[in-house]
Amino acid sequence: MQTRTLSHVIAAVPTSDGAGVRLRRSIGARQTQRLDPFLMLDEFSSDDADDYIGGFPAHPHRGFETVTYMLDGHMRHEDHLGNTGDLVPGAVQWMTAGRGIVHSEMPQQSQGRMRGFQLWINLPAREKMQPAAYRDIAPALIPTVSQVDGTRIKVVAGTYVDGATSIDGPINPSTHRTSTDPSYLDVALAPTARFEHAVYPEYSAFVYVYEGTLVVGDEDGAATLRTHEAGVLSAGARIVLRAGREGARALVLAGRPLREPIVQYGPVVMNTREEIEQAIADYQSGAFTRAA
């Protein structure tokens, strides 16, 4: 079974979004730094309320999915369809923007740590104009695998195989139909611990380290990945990671590439410029939300 190696590294860069929320962006920091089907990965983390208190007031999306995963803090989702959801520590919001949704994500705290991630996953042309959908996933619905060396794996999406046991996350092909078939693991490795994960060889995959350091790959061709770095992986059927002496925490993501043209205008991701212009016209006329 071929082990994936570290193809290249995308360092997360400081930026801001919403109403001044400070964050770090790795995948998608530039349009040349996407990894099909993944469009963007943001990490937000601060103990200073000034860095997050503005939140993300009402704004539109079309043509892709957003996945918000909270580690610390409390935010609230509301959208024009009437959906509401509380993002508390360990919770996930999985939103399919489809043909159009207007939503907000606002802090429900004025002090303390706010920490988490938002991932954007593209949709294929045939799925971009599907009805919008939203799912609020409570922490108790996300399975955690604890291993004898102290390593813990949270299975947000896809399947993790632990010995003879397969563990499905709440987002999997039987519960969520999408052509990208995403896999999303949050892995906390004990010091010097080793982690392995089987993936389809043809899928895109990357690792984002948010604490500590990781060595990616087997002894031959192994390379180090540091905090706030996204490591894009080569082709292969197996991901192998080894933590440094202080341990590590990382997101491990994989998905089926779409290999379609991407035209992006802020929170709208389509296949052609004409579709972008139509989305803008729909939003300005009010048809954007009526159609959803």
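Trainee: Is Tyr283 buried, partly exposed or exposed?

Mentor: Tyr283 is partly exposed, with a relative accessible area of 41%. The words go by relative accessible area: buried is under 20%, exposed is over 50%, and partly exposed is in between, using a 1.4 Å probe and protein chains only. Keep in mind that this is a predicted model, where local features need pLDDT of at least 70, side-chain atom pairs count only at pLDDT 80 or more, and totals for chains, interfaces and linings use all residues. Residues are numbered from 1 along each chain as its sequence is written, and side-chain values use heavy atoms, with hydrogens and water left out.

Trainee: And what about Phe288, buried or exposed?

Mentor: Phe288 is buried, at a relative accessible area of 1%.

Trainee: How many aromatic pairs are there?

Mentor: The count comes to nine aromatic pairs. Rings of Phe, Tyr and Trp (its six-membered ring) pair if their centres lie within 6.5 Å; planes under 30 degrees apart are stacked, over 60 edge-to-face, and the rest tilted. One of them joins Phe38 and Phe206 edge-to-face, 5.4 Å centre to centre with 75 degrees between the planes.

Trainee: Which strands do Phe38 and Phe206 lie in?

Mentor: Phe38 is in strand β4 (residues 38–46) and Phe206 in strand β19 (residues 204–216), so their pair ties together parts 168 residues apart in sequence. Strands here are DSSP runs of E, at least two residues, numbered from the N terminus. Both Phe38 and Phe206 are buried. Tyr283 and Phe288 also form an edge-to-face pair, at 5.6 Å centre to centre and 85 degrees between the planes.

Trainee: Which residues form an aromatic cluster?

Mentor: Tyr69, Phe117, Tyr184, Tyr208 and Tyr210 form one cluster.

Trainee: How much space lies in the largest pocket?

Mentor: About 460 Å³. On a 1 Å grid over the protein atoms alone, a pocket is an open set of points where a 1.4 Å probe fits, with protein on both sides within 12 Å along at least five of seven lines; lining residues have an atom within 4 Å of a point. The volume is the space filled by probe spheres set on the points, which are joined across faces, edges and corners.

Trainee: Which residues lie nearest its centre?

Mentor: The largest pocket is lined by 26 residues, and Asp17, Arg25, Met40, Asp42 and Trp120 lie nearest its centre. Strands β3 (21–25), β4, β5, β10 and β11 (114–122) each supply at least two lining residues.

Note on methods: Helix = DSSP H or I, 4+ residues; strand = E, 2+ residues; numbered from the N terminus.
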